[in-house]
Amino acid sequence: MAEEAKKLAAYAAVDNHVQNNQVVGVGSGSTIVYAVDRLADRVRQEKLNIICVPTSFQARQLILQHGLTLSDLDRHPELDVAIDGADEVDDDLTLIKGGGGCLTQEKIVAGCAKHFVVIADFRKDSKALGEQWKKGIPIEVIPMAYVPVNLRMAVSKAGPVVTDNSNFILDWKFEQAQNWKEVNTAIKMIPGVVETGLFVGMAERAYFGMEDGSVKTRNTTPKSPPY
């Protein structure tokens, strides 16, 4: 059920947001696999000229495996659209992302895109962050800061997850909904924190594949700068 829902959301986003002669940011995670499948189908069938910029090693491999054109932000620093998954999406399209450990690249790519679109299944759809996703907000820290940030934020973690950047991930558990813009800024001010998995004011549309086979969309006002 969830896999079919992921596929529905991914196909809807690619069909509605990808056009010929675009540079597309390709996100990370299980739902993105379906988006790249659909993107490759459309490139073949419609003879589209699409350039893909990945957010992770996984995304890079997907792009290459499907024979799509691979690029990077050095060559294409401005993207027409970025499509990515999320661990949770609230009513305001604030996201928790980075459960897979790629949050910094994901945020950089999303920030370079004119349009940032999120795809997810029904399990990721929440009124407020923390309703569905119980693992906390991922925070990427440089290794030297792992213990100090741990102590400061009272994070419990058995052992660090290593990111594509060779940094560590901490998961910060929170009690209730907060002013996420302020929380994001406060966490980023801690020395050694590279980035947080809070995406505030970045996504402009989310597609949710639902259990009944429909696709639910949620829109927001045009994005303001994420900083």
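Visitor: Which residues lie nearest the centre of the second largest pocket?
Guide: S28, G29, S30, A86 and D87. They belong to a lining of 17 residues. Bear in mind that this is a predicted model.

Visitor: What volume does that second largest pocket have?
Guide: About 220 Å³.

Visitor: How do the residues of its lining divide into nonpolar, polar and charged?
Guide: Nine are polar, five are charged and three are nonpolar.

Visitor: Where does the largest share of that lining come from?
Guide: From helix α2, residues 30–46. That helix gives three residues to the second largest pocket.

Visitor: D87 came up. What does G99 touch?
Guide: D87, W133 and P138, leaving aside residues up to four places away in sequence. G99 and D87 are twelve residues apart in sequence. Their C-alpha atoms are 6.7 Å apart in space.

Visitor: Where is the place of G99?
Guide: In the loop between β6 and α4, the latter being residues 103–111.

Visitor: And β6, which strand does β5 pair with there, and over how many bridges?
Guide: β5 pairs with β6, residues 95–96, over two bridges, in the antiparallel sense.

Visitor: Which residues of α2 are buried?
Guide: T31, I32, Y34, A35, V36, R38, L39, A40, R42 and V43.

Visitor: Why does T31 count as buried?
Guide: Because its relative accessibility is 6%, and buried means under 20%.

Visitor: What does T31 touch?
Guide: K6, A10, I119 and A120, not counting residues up to four places away in sequence.

Visitor: What do the buried residues of α2 pack against as a group?
Guide: Two helices, α1 and α3 (57–65), are on the list. So are the strands β1, β2 (50–54), β4 and β7.

Visitor: Take α1 next. How many residues, and what reach?
Guide: α1 covers residues 2–17, 16 residues. The reach is 23 Å from first C-alpha to last, close to the expected 22 Å.

Visitor: Which residues are buried in α1?
Guide: A2, A5, K6, A9, A10, A12, A13, V14 and H17. What covers them includes α2 and the strands β1 (22–26), β4 (79–84), β7 (113–121), β13 (205–209) and β14 (215–219).

Visitor: How do β13 and β14 pair?
Guide: In the antiparallel sense, over five bridges. A206 stands opposite R218 in β14. The two strands form a hairpin with five residues between them. In the turn, G213 has a positive phi of about 90 degrees.

Visitor: Now cavities. How many of 30 Å³ or more turn up in the whole structure?
Guide: One. About 60 Å³ of space lies in the largest cavity.

Visitor: Which residues line the largest cavity?
Guide: V14, V18, V24, G25, V26, I32, A35, V36, L39 and I83. The elements giving two or more residues to that lining are β1 and α2. The largest share, four residues, comes from α2.

Visitor: How does that lining divide by residue class?
Guide: Nine nonpolar, one polar and no charged.

Visitor: Last topic. What order has the open sheet of four strands?
Guide: β9-β10-β8-β11, with antiparallel pairing. The edge strands are β9 (161–162) and β11 (193–196), and each pairs on one side only.

Visitor: How many bridges join β9 and β10?
Guide: Two, in the antiparallel sense, with β10 spanning residues 168–172. V161 stands opposite I169 in β10.

Terms used: Residues numbered from 1 in each chain as written. Predicted model: local features only at pLDDT ≥ 70, side-chain atom pairs only at ≥ 80, totals over all residues. Heavy atoms only, no water. Pairing = 2+ DSSP bridges. Contact = heavy atoms within 4.5 Å. 1 Å grid on protein atoms, 1.4 Å probe; cavity = no way out; pocket = protein on both sides within 12 Å on 5 of 7 lines; lining within 4 Å. Points joined across faces, edges and corners; volume = space filled by probe spheres on them. Nonpolar A, V, L, I, M, F, W, Y, C, P; charged D, E, K, R; others polar. Buried < 20%, exposed > 50% of the residue type's maximum accessible area, 1.4 Å probe, protein only. Expected span 1.5 Å × (residues − 1).
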